[in-house]
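Hi everyone, thanks for making time.

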Amino acid sequence: YRTKKSNTQIINMGVVHFLFAVVMPAIGACSFVAFRLGPELPKAARMGGQTIGMGYNYFKVALKALRPKSHGPAELMQTWRQTGQQADAFTREVKWNLLKAKPIAEEYFPGLTGDPLKGFGIKPDEPIKMPESELIKGSTLLDVAFSERNRIKEKQKTKKREEETLMGF
């Protein structure tokens with residue numbers, strides 16, 4: 001009569017049969033080929049590795065060629081998002097490191113965090129202030145915008161003149 005076997009016994013029998021039917025003959029065949037090659041074994045191993053590597057590359061290319069065209073834009077957007085996330089993470093890390101390093105830098109280099117323009121008497125650029133009245137008309141806004149534009153253009157011209165005189169043009 002037959003006895004009932006549990007699932008674990010069946011699985012264990014499958015593993016044992018797999019080991020003796022597949023793995024052991026494969027190990028024996030590989031050992032036989034290795035001894036048979038002798039001094040040519042390193043060259044054969046290198047060529048086999050290259051063949052496997054190129055097969056993997058060909059497989060990847062075939063998968064890319066066979067995929068539907070509609071997935072291309074989605075992959076492009078995914079790459080773009082991942083790049084943006086990595087850039088944001090890098091920026092956050094740099095800011096955090098700078099914030100952590102600022103007290104140390106102030107301790108070792110006291111003049112490093114000071115205002116470099118203070119000693120030269122250069123004032124920071126101040127934009128034109130809006131007129132303080134209760135009723136601001138469109139013509140007032142246009143006048144302020146044009147005067148601000150002219151101020152910026154004049155500043156650029158003077159800066160260019162100063163650079164030309166320094167460069168000797």
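Let's start with confidence: pLDDT is the predictor's own confidence in each residue, on a scale from 0 to 100. For this protein chain the mean pLDDT is 77, and 72% of the residues reach 70 or more. Two housekeeping remarks. This is a predicted model, so local features need pLDDT of at least 70 and side-chain atom pairs count only at pLDDT 80 or more, while totals for chains, interfaces and linings use all residues. Residues are numbered from 1 along each chain as its sequence is written, and side-chain values use heavy atoms, with hydrogens and water left out.

Now the fold. The chain has 4 helices and 0 strands, where helices (H or I, at least four residues) and strands (E, at least two) are DSSP runs numbered from the N terminus. Read from that end, the order is α-α-α-α. Helix α2 (residues 41-66) has the highest confidence, with a mean of 87, and helix α3 (residues 71-108) the lowest, at 78.

How much of the chain is buried? The accessible surface comes to about 16,200 Å², and carbon and sulfur atoms own 65% of that. These areas come from the Shrake-Rupley method with a 1.4 Å probe, and for residues only the protein chains shown count as cover.

On to salt bridges, meaning a side-chain nitrogen of Lys or Arg within 4 Å of a carboxyl oxygen of Asp or Glu. The count is 2. In one, K43 meets E40 at 3.5 Å, N to O. K43 is partly exposed, because its relative accessible area is 45%, and E40 is partly exposed too, at 40%.

The other joins R151 to E148, with the closest N and O atoms 2.7 Å apart. Both sit in helix α4 (residues 138-167), 3 residues apart, or about one turn of the helix. Here the two partners fall on either side of the cut-off: R151 is partly exposed at 22%, whereas E148 is buried at 18%.

Last, patches: these take residues with over 30% relative accessible area and no salt bridge, joining like charges within 9 Å and nonpolar side chains (Val, Leu, Ile, Met, Phe, Trp, Tyr) within 5 Å. A nonpolar one is made of V15, V16, F18, L19, F20, V22, M24 and I27, together about 760 Å² of accessible area. I27 belongs to helix α1 (residues 7-37) and counts as partly exposed because its relative accessibility is 47%.

And which residues form the positive patch? They are R149, K153, K157 and R161. Lys and Arg count as positive, Asp and Glu as negative, and His and the chain ends are not counted; each charge is placed at NZ of Lys, CZ of Arg, CG of Asp or CD of Glu. R149 lies in helix α4 and is partly exposed, at 43%.

Notes. Buried means under 20% relative accessible area, exposed over 50%, partly exposed in between (1.4 Å probe, protein chains only).
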